[in-house]
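The sequence and the structure come first.

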Amino acid sequence: LDGLRAKALLQIDGDEEPRFSLYESVRAFAALQNHDREAAAQRHADFFIEGGTCHAAKVDGPEAPAAIRWLKAERENLTAVARRRAESHPLDAARAGLALSPILALDGPPASEAELLDATLHAARASGDPEILVRALRSRAFAILQHGRTDDALADIEEGLALARQLGLRRHEGALLIDAGHVHLRKGALDR
């Protein structure tokens, strides 16, 4: 790595945990030399989806700080997977978007991040995987609820709840019922 850096092929990013990355010109040249782009794209997607899924699952536990750091550090890679694979491999795109959702919720999604959540939901619908769709609906509902869009959040929750019940996804059904209760409480609909 030091040799590549000395030859101006790599740069160091970050202070706390330094990371190596390619200069944009080197990255562009490497892309021209890659004859098997689909295989490389699939390896890239597989690596970051697996890592992102693993770390996203740890966000609510004792390993949360390290998981959040990893997700934030790899945000660009996960976003690239979500965007590049949306049309050709919607399941990959949806899984990458779901891996990003915990940090989007923490940082509060600006317009581009809200767009990514909408794209994740679209990819989840296109993937044909109903559990991924339920998770995407819940993820987007949580994010838009943070911006006061209670009716839109409730619509996503209710769609996810109906699908979870239809498929017998009891864990997701329970989580969505809790989410629905939270939204009704926020709206002041205590009878619901």
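## Nonpolar cores

In this predicted model, the largest nonpolar core has 24 residues, of which Ala 124, Leu 133, Val 134, Ile 157 and Leu 176 touch the most other members. A nonpolar core is here a set of buried Ala, Val, Leu, Ile, Met, Phe, Trp, Tyr and Cys residues joined through side-chain atoms within 4.5 Å, where buried means under 20% relative accessible area, exposed over 50%, and partly exposed in between (1.4 Å probe, protein chains only). At least two residues of this core come from each of α6 (90-107), α7 (111-127), α8 (130-145), α9 (150-167) and α10 (170-187), and α8 gives the largest share, 8 residues.

Leaving aside residues up to four places away in sequence, Val 134 touches Gly 160, Leu 163, Ala 164, Leu 169, His 172 and Leu 176, a contact being heavy atoms within 4.5 Å. A second, separate core of 19 residues includes Val 81, Ala 96, Ala 99 and Ala 143.

## Packing of α3 and α6

Two packed helices are described by the angle between their axes and the distance between the axes. For α3 (residues 37-57) and α6, the angle is about 35 degrees and the axes are 9 Å apart; axes are lines fitted to C-alpha atoms, for helices over the stretch in contact, and angles run from 0 to 180 degrees between N-to-C directions. The crossing of α3 and α6 is left-handed, that is, the near helix is turned anticlockwise from the far one by less than a right angle.

On the α3 side the contact is made by Gln 42, Ala 45, Ile 49, Gly 52, Thr 53 and Ala 56, and on the α6 side by Asp 92, Arg 95, Ala 96, Ala 99 and Pro 102.

## Thr 150

Thr 150 lies in helix α9 and counts as buried because its relative accessible area is 16%. Apart from residues up to four places away in sequence, Thr 150 touches Leu 145, Val 183, Arg 186 and Lys 187.

## The chain as a whole

The protein chain has 10 helices and 2 strands, these being DSSP runs numbered from the N terminus (helices H or I, at least four residues; strands E, at least two). Of its 192 residues, 37% count as buried, and the C-alpha atoms fill a box of roughly 70 × 35 × 30 Å along the principal axes.

## Basis of the values

Residues are numbered from 1 along each chain as its sequence is written, and side-chain values use heavy atoms, with hydrogens and water left out. As the model is predicted, local features need pLDDT of at least 70 and side-chain atom pairs count only at pLDDT 80 or more, whereas totals for chains, interfaces and linings use all residues.
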